[in-house]
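Me: Please show me the sequence and the model, and then let us work through the side chains and the fold one question at a time.

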Amino acid sequence: MDRRPGASVRLKLTLSYTGFLVLAGALTLVAGWLFLTRVQHVGLVFVPEYRLSVARDFVPVAAVTMVFLLVFGLGGGWFLAGRMLAPLHRITRAARMAANGSLSHRIRLPGRMDEFREFADAFDTMLARLEAHVAGQRRFAANASHELRTPLAISKALLDVARSDPRHDAGELVDRLHTVNTRAIDLTEALLLLSRADRRTFTRERTDLSLVAEEAAETLLFLAERHGVTLETSGDVAQAAGSPPLLLQLVTNLLQNAIVHNLPRRGTVWIHTGARPGTVMLTVENTGDLLTPQRVSTLTEPFQRGTERVHTDHAGVGLGLAIVDTITRAHDGTLTLTPRSAGGLRVTVELPAAAPRTGG
């Protein structure tokens, strides 16, 4: 925003300090003058021309005092205003650097807590989060570009082969193109779902997570049977405040991830729902390989895949748990991933509970 130049805050504070100091000095001198010339005392009663004598002696001293207060107020006020505004200058420099794209700079204002330091600490926290968000967005954009380029490159290669070799089996080419195109569509829909959840452009409704879990389990039962995985659903009614389609996508992604990342045969997935005062919980556990805490901490990052997923017939697009994390945050909830000591993963989603129903 373009603004016309004006007086600096330092100058305004200096003039304010000086004005108050001169005003206080003037009031003090007036009080002294009134005391000497109006209050009854010996000099005023018995000394002829007392007021004239006092005026000759008092006025020069008062004038010198006012000049001194004016000069002292300007100098001292300018110095004090500079000292007081120094932290603000550091904050302003940091803000300008952030506006120019440098998010790694921190103010780190020393000293005890006051309004300036509280603001500086909040600004540093904002910069740290913004830097992490921007870095994540850049990684996401780079990974998304790479993931989308792969099926397109494969499609181009298949078409080039078909064009150079007309005798090539058309049925095989169509099947492979269909597979590649399906993967590209799945990835695009996942990216759109991430964008929608991140913008929070949805209506919150009362949604029972236990019913959502049952629906997701029925939908993925065929996939579980194909992988030799048993689904076990239990728990109580858990009324959450959220978007039914997004919450169904959340549970579906968790179950799909638990089924695919399981033991080759005789694996198990446990789905449990519950409620606490103010919150509802969904827990999905699965058997599987042993996972380290370091590995688990990266699973919600976009396009993170375990090597075991790449070699299955359900490779996915690498956005399953990233979508779960985004939907959870969009619903003001928390997502916790914990490796199971016996192998596999435990995922817990906590969401705000829906408000109790009111009225008749």
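Me: Is Phe-68 buried or exposed, and what is its relative accessible area?
Reply: In this predicted model, Phe-68 belongs to the exposed class. The classes are set with a 1.4 Å probe on protein chains only, buried meaning under 20% relative accessible area, exposed over 50%, and partly exposed in between. Phe-68 is placed by its relative accessible area of 52%.

Me: What conventions apply to residue numbers and to the values quoted here?
Reply: Residues are numbered from 1 along each chain as its sequence is written, and side-chain values use heavy atoms, leaving out hydrogens and water. Because the model is predicted, local features need pLDDT of at least 70, totals for chains, interfaces and linings use all residues, and side-chain atom pairs count only at pLDDT 80 or more.

Me: How are the rings of Phe-68 and Phe-72 arranged?
Reply: The structure holds three aromatic pairs, where rings of Phe, Tyr and Trp (its six-membered ring) pair if their centres lie within 6.5 Å, with planes under 30 degrees apart counting as stacked, over 60 as edge-to-face and the rest as tilted. Phe-68 and Phe-72 are four residues apart in helix α3, about one helical turn, and Phe-72 is exposed at 51% relative accessibility. With ring centres 5.8 Å apart and planes at 20°, the pair of Phe-68 and Phe-72 is stacked.

Me: What N to O distance goes with the salt bridge of Arg-106 and Glu-131?
Reply: A salt bridge is a side-chain nitrogen of Lys or Arg within 4 Å of a carboxyl oxygen of Asp or Glu, and a search of the whole structure finds eight. The side chains of Arg-106 and Glu-131 form one of them, with N to O at 2.7 Å; Arg-106 lies in the loop between α3 and α4 and Glu-131 in helix α4, so the pair ties together parts that are 25 residues apart in sequence. Arg-106 is buried at 14% relative accessibility, whereas Glu-131 is partly exposed at 30%. The N to O distance is 2.7 Å.

Me: How many residues apart in sequence are the parts tied together by Glu-285 and Arg-340?
Reply: The side chains of Glu-285 and Arg-340 meet in a salt bridge of 3.1 Å, N to O, and both residues are buried. Since Glu-285 lies in strand β5 and Arg-340 in the loop between β6 and β7, the separation of the parts they tie together is 55 residues.

Me: Which strands stand at the edges of the five-stranded sheet?
Reply: The open sheet has the order β2-β4-β5-β7-β6 with mixed pairing, two strands being paired if DSSP finds at least two bridges between them. Each edge strand has a single partner, so one side of each is left without a neighbour in the sheet, and these strands are β2 and β6.

Me: How many bridges join strand β4 to strand β5?
Reply: Strands β4 (residues 267-276) and β5 (residues 279-286) run antiparallel. In this pairing, Arg-276 stands opposite Thr-279 in β5. The number of bridges joining β4 to β5 is eight.

How values were computed
Helices (H or I, at least four residues) and strands (E, at least two) are DSSP runs, numbered from the N terminus.
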